[in-house]
Amino acid sequence: MPADEYADAVGAELAVRFPEREPWEADTLYLGGGTPSRLGGAGVARVLDVLRERITPARGAEITIEANPEDITADAVRDWRGAGVNRLSIGSQSFDDRVLAWMHRTHDAAAIVRAVHTARDAGIANLSLDLIFALPRELERAWRGDLEQALALDPDHLSLYGLTIEPHTPLGRAHHRGQVRESPDERYEEEFLLAHDLLLGAGMEHYEVSNFGKPGRASRHNSAYWSGAPYAGIGPSAHEFDGAARRWNTAAYAEWLRRVGDSRDPVESRETLTAENRLAETVYLGLRTRAGLGLDARELHHVEPWIQAGWATLGPDERLRLTPLGWLRLDALAADLTHVRSRY
């Protein structure tokens with residue numbers, strides 16, 4: 001994917017979709033959805049220049065790029081920083097080289113360490129690391145060791161994701177052939193709770209079911225999603241929400257490129273939220289964050305068993321907050337409370 005071709009196509013989509021709009025202010029910009037760091041230093045800078053023709057970053061805006069460890073070089077970081085990038089989300093996944101090879105990652109553990117030091121030395125200090133847990137037992141991965149090695153790098157933020165096996169992927173096909181087994185629920189719970197305890201003990205805040213940050217270092221971009229704020233999405237497979245409806249672009253790069261090159265909207269589909277959708281999302285998004293969910297007095301008796309079971313707490317502000325044990329049951333609890341609210 002040539003960087004200039006991609007940047008020109010981003011500009012073409014903006015022109016197609018927002019032809020009359022004056023530049024608008026954004027509190028966050030996030031280059032993600034894959035491997036934007038492969039654009040290199042100059043390529044990312046070019047994309048940000050194109051975006052700034054329509055979007056003005058607010059004073060102190062959070063500007064993040066997702067980066068592979070092997071793409072983080074001193075020259076690239078200096079270019080990114082010069083273009084306004086002030087936060088990196090590094091796709092580390094694990095510090096076990098056997099696990100990284102099993103995941104078909106092109107970096108090793110040493111590359112993660114080099115990337116963190118390189119980024120800081122070149123002027124970007126706000127760093128987030130991604131880790132995957134609940135891997136198949138056959139890998140004999142030491143989850144505690146991964147967490148400790150991540151903490152030793154003193155990141156500002158950690159995102160932890162349980163492994164999911166999707167069909168039509170190499171992992172999904174291996175699972176279908178019986179070569180890979182999913183971790184049991186007990187292992188998922190054990191590793192999730194271990195991460196919670198270790199990271200809180202290191203001074204981090206568990207501010208969302210999958211995310212931890214030092215005080216003041218929660219991801220502002222992702223937090224906007226969880227609050228239901230409107231956001232724009234540009235590029236292949238990009239999603240967007242205007243406060244009432246969602247849209248998402250065609251996923252295939254070649255098709256997206258062809259459509260915007262023909263001055264056509266690359267939308268794949270749209271969805272207008274119903275009252276039922278809004279109710280379900282309000283409950284789900286509230287319960288997945290540390291901010292919690294405000295309760296109606298009629299709901300207090302319904303959630304009392306959750307509190308007794310250690311799944312939730314109710315603060316003096318009458319907001320319900322799930323505990324780590326509750327977050328392990330997030331889908332079921334959110335569906336249950338949504339059903340209760342739908343009867344009012």
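Which residues in α1 meet which residues in α10? Before we answer, a word on what you are looking at. This is a predicted model, in which local features need pLDDT of at least 70 and side-chain atom pairs count only at pLDDT 80 or more, while totals for chains, interfaces and linings use all residues. Residues are numbered from 1 along each chain as its sequence is written, and side-chain values use heavy atoms, with hydrogens and water left out.

Now to the helices. From α1, the residues E5, Y6, A9, V10, A12 and E13 meet Y253, W256, L257 and V260 of α10, where contact means heavy atoms within 4.5 Å. By class, this contact of α1 with α10 has 8 nonpolar, no polar and 2 charged residues. Here Ala, Val, Leu, Ile, Met, Phe, Trp, Tyr, Cys and Pro count as nonpolar, Asp, Glu, Lys and Arg as charged, and the others, Gly among them, as polar.

Two packed helices are described by the angle between their axes and the distance between the axes. Helix α1 covers residues 3–17 and α10 covers residues 253–261; they pack at about 55 degrees, with their axes 9 Å apart. The two are therefore oblique to each other, a word for angles that are not under 35 degrees (roughly parallel), over 145 (roughly antiparallel) or 65 to 115 (roughly perpendicular). The crossing of α1 past α10 is left-handed.

Helix α1 has another partner to explore, α2 (residues 40–52), which packs against α1 at an angle of about 15 degrees, with the axes 9 Å apart. That angle makes α1 roughly parallel to α2, and their crossing is right-handed. On the α1 side, A3, D4, Y6, A7, D8, V10, G11 and L14 take part, meeting G43, R46, V47, V50 and L51 in α2. This contact has 8 nonpolar, 2 polar and 3 charged residues.

Let's move on to the strands, starting with β13 (residues 319–322). In a regular strand the side chains alternate between the two faces of the sheet. In β13, L320 and L322 make up a covered face, while R319 and R321 make up an uncovered one.

Strand β13 runs antiparallel to β11 (residues 293–294), joined to β11 by 2 bridges; strands pair if DSSP finds at least two bridges between them. One of the partners in β13 is R319, which bridges to G294. Strand β12 (residues 312–314) also pairs with β13 in the antiparallel sense, over 3 bridges, and A312 has L322 as its bridge partner in β13.

Note on methods. Axes fitted to C-alpha atoms, helices over the stretch in contact; angles between N-to-C directions. Helix = DSSP H or I, 4+ residues; strand = E, 2+ residues; numbered from the N terminus. Left-handed = near helix turned anticlockwise from the far one by under 90°. Buried < 20%, exposed > 50% of the residue type's maximum accessible area, 1.4 Å probe, protein only.
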